[in-house]
Amino acid sequence: MHYKDCNLLKTLYMHFLNEHHAISLQNYLTQKMCYWFSTDAAYAMAKKIPNIVAILHGRVPPCVMHAVFSCWCNAWGTNESFQVQDKTCIMSYSCNGGDGIKHYANCEAVWQWTVRTFRIRHLQRGLKTFLLVGIDGEHDVISLALNLYAVYSTMNKWHHKNTPCPTSQLHSHLHDGVRTACNYSTKLRQHVQTIWAL
Ligand SMILES: [Zn+2]
């Protein structure tokens, strides 16, 4: 048996995946973003992703990277992604928006918390901001990645309960998400402390 040179990923790619389809992450993410944007816009946004990943690398824990990447891939377990159209926003009982990423990027109940928590009044609410592809400053990219994780973890929590979050509890559940992510990264904790010290 020769274990020394065995590289599972390389073996899988060379002998299985590559035989079927040469993988281009740029094309893959462009294709995913076409769900929300025109092809040209999706291509331009996918091109920004390596830079965003470089900013986040080492500054956020893997759970945040996972939430961000699965969002770019439109892979959150929302009712919209399962094509169940009659379900509404899981983040708040009083919101009539849909249960999908596009709505969570625009949800008023969430945005109020986002602006106050990360002091980002200068940014425009919307999908491009939520997905981190419409902002430039490194500081804001890290804040918005943490925001995205807080939304993701809160959404999963209430999907699991199969009921929308009581409106009065939303902000504390989003804060739980921030606390959880900060527990796994000293740099992220320092980032949040810097904002809150302003
Ligand atoms: Zn909503």
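Trainee: Which residues does Met91 touch, not counting residues up to four places away in sequence?

Mentor: This is a predicted model, to begin with. In it, Met91 touches Tyr104, Cys107, Ala109, Val110, Thr154, Met155, Pro164, Cys165 and Leu170, leaving out residues up to four places away in sequence.

Trainee: And which residues of the largest nonpolar core touch the most other members?

Mentor: Met91 is one of them, along with Leu132, Ala145, Leu146, Leu148 and Tyr149. The core has 47 residues.

Trainee: Which elements give two or more residues to this core?

Mentor: Helices H2 (25-33), H3 (39-56), H4 (62-72), H5 (101-106), H6 (108-118), H8 and H9.

Trainee: Which of them gives the most?

Mentor: H8, with 12 residues.

Trainee: Let's stay on H8, then. At what angle do H3 and H8 pack?

Mentor: The angle is about 85 degrees, and the axes are 10 Å apart. That falls in the 65 to 115 range, so H3 is roughly perpendicular to H8.

Trainee: Which residues make the contact?

Mentor: Ile52, Ile55 and Leu56 come from H3, while H8 supplies Glu138, Val141, Ile142 and Ala145. By class, the contact of H3 with H8 has 6 nonpolar residues, no polar ones and 1 charged.

Trainee: What about H8 and H9: how do their axes cross?

Mentor: The axes of H8 (residues 138-161) and H9 (residues 170-183) come within 8 Å and cross at roughly 120 degrees. H8 is therefore oblique to H9. The crossing is right-handed.

Trainee: Which residues meet there?

Mentor: On the H8 side, Leu146, Tyr149, Ala150, Ser153, Thr154 and Lys157. On the H9 side, His173, Leu174, Gly177, Val178, Thr180 and Ala181. The residues of this contact divide into 6 nonpolar, 5 polar and 1 charged.

Trainee: Changing topic to the backbone. Where is Leu132, and what is its phi?

Mentor: Leu132 is in the loop between helix H7 (127-130) and H8. Its phi is positive, about 70 degrees, although Leu132 is not a glycine.

Trainee: Does Leu132 count as buried or exposed?

Mentor: Buried, because Leu132 has 25 C-beta neighbours inside 10 Å, and the cut-off for buried is 20 or more.

Trainee: And Asn162, where is that one?

Mentor: Asn162 lies in the loop between H8 and H9. Asn162 also has a positive phi, about 60 degrees, although it is not a glycine.

Trainee: Is Asn162 buried or exposed?

Mentor: Asn162 counts as exposed, because it has 8 C-beta neighbours inside 10 Å; the cut-off for exposed is 12 or fewer.

Note on methods. Residues numbered from 1 in each chain as written. Predicted model: local features only at pLDDT ≥ 70, side-chain atom pairs only at ≥ 80, totals over all residues. Axes fitted to C-alpha atoms, helices over the stretch in contact; angles between N-to-C directions. Helix = DSSP H or I, 4+ residues; strand = E, 2+ residues; numbered from the N terminus. Parallel < 35°, antiparallel > 145°, perpendicular 65-115°, else oblique. Left-handed = near helix turned anticlockwise from the far one by under 90°. Contact = placed C-beta atoms within 7 Å. Nonpolar A, V, L, I, M, F, W, Y, C, P; charged D, E, K, R; others polar. Core = buried A, V, L, I, M, F, W, Y, C linked by C-beta atoms within 7 Å.
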